[in-house]
Amino acid sequence: MVLFSKSVSALRGLRSSAVGYEVGSYLVRSCKTGGSLDHYGTSMYTTCAKLCEDPSKESSPSDMLIDSFGRLHTYLRISLTERCNLRCQYCMPAEGVELTPSSQLLSPNEIVSLANLFVTSGVNKIRLTGGEPTIRKDIEDICLQLSSLKGLKTLAMTTNGITLARKLPKLKEFGLNSINISLDTLVPAKFEFLTRRKGHEKVLESINAAIDLGYNPVKVNCVVMRGVNDDEICDFVELTRSRPINVRFIEFMPFDGNVWNVKKLVPYYEMLDKVVVKYQGLQRIQDHPSETAKNYRIDGHHGTVSFITSMTEHFCAGCNRLRLLADGNFKVCLFGPSEVSLRDPLRAGAEEDELREIISSAVKRKKAAHAGMFDIAKTANRPMVHIGG
């Protein structure tokens, strides 16, 4: 059990050595492949697995993280809160959502304890989400504790940027080494319409602060919706011309309360066409097998452009992501309704081996792919603000 230190200074000296410790990049290699190939020639599924050897590691990642299709899950997304200071239309209904009582949310000790369990089993990347993670008063302490976990390579955060600028220097000092900032429009009035709140300038300030602090790239997430912000795609691309920004265009996805409609969906190929028409020298970047985005460079641009095609060209075959929700529920697929509680057995005194078995069983039940956008739209699932993106 990892205890959450109330003394930040007690861990400052430990973090520098712990953060520098890197786990090898483990990939599940196919020794017998089956199924079709996608248009990039990538095998869609594997029927058996072999772990890459890395002499710098004392042991291989745990079988706990490998599903029945041979996918190795080394990326854990942790939702720190269900609360948010915006009301984005694609994330929650205008009236907000019912919040879980605070006593049923994971404590800082429990967050770090469970994170440690995953990291010691082979997870090497953690992303903090929400709600809005920066509204937590103890966010700096949590980052320090997590970044000190031996074996963790990347500690990332997805944030709306409203309160980020003033907190980011300390967050970076305490081990946050990757940042995604959500921004769906460059028009202040449209921002207020989309989020039902003010704060456009604060988000831009946070993007600039991240660049000034040396984050490279600064990832900017943009959910594209037809008739809302699809006319701004090339305006967002311009952000990449002279700055280390990776703009990530995300297809509109269905979740409870966001009134999803396929007519609002702007598919990847349509977004890409808009970029191709205006910009010459667009080049596809070779993506990692577990990459969620299709990444591109544009000649003369310092930054990059990406497309997250969850609806029209899913990337389930290479999925390496797991999710721990703020209430302690464990979720193996963003779009799947299945969840299992880790909070309850943890509070009941379960040993680590018992928790590993619960996690392993859930991972083994993970399906080959999500059900498709029309079935997802009809399937009961939580609002995005509960899941954590």
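Author: A quick definition to start: a residue is buried under 20% relative accessible area, exposed over 50%, and partly exposed in between (1.4 Å probe, protein chains only). This is a predicted model, where local features need pLDDT of at least 70, side-chain atom pairs count only at pLDDT 80 or more, and totals for chains, interfaces and linings use all residues. Residues are numbered from 1 along each chain as its sequence is written, and side-chain values use heavy atoms, leaving out hydrogens and water.

Reader: Why does F249 count as buried?

Author: Its relative accessibility is 0%, and the cut-off is under 20%, so F249 is buried. F236 is buried too, also with 0%.

Reader: What makes F236 and F249 a pair, and of which kind?

Author: Rings of Phe, Tyr and Trp (its six-membered ring) pair if their centres lie within 6.5 Å; planes under 30 degrees apart are stacked, over 60 edge-to-face, and the rest tilted. Here the centres are 6.3 Å apart and the planes at 85°, so the pair is edge-to-face. Ring pairs link F236, F249, Y268, Y296 and F307 into a cluster.

Reader: How do you know that K125 sits over the ring of Y75?

Author: The rule wants NZ of Lys or CZ of Arg within 6 Å of the ring centre and within 35 degrees of the ring normal. The charged end of K125 is 4.4 Å from the centre of the Y75 ring and counts as sitting over it. K294 likewise lies over the face of Y268, at 5.4 Å from the ring centre.
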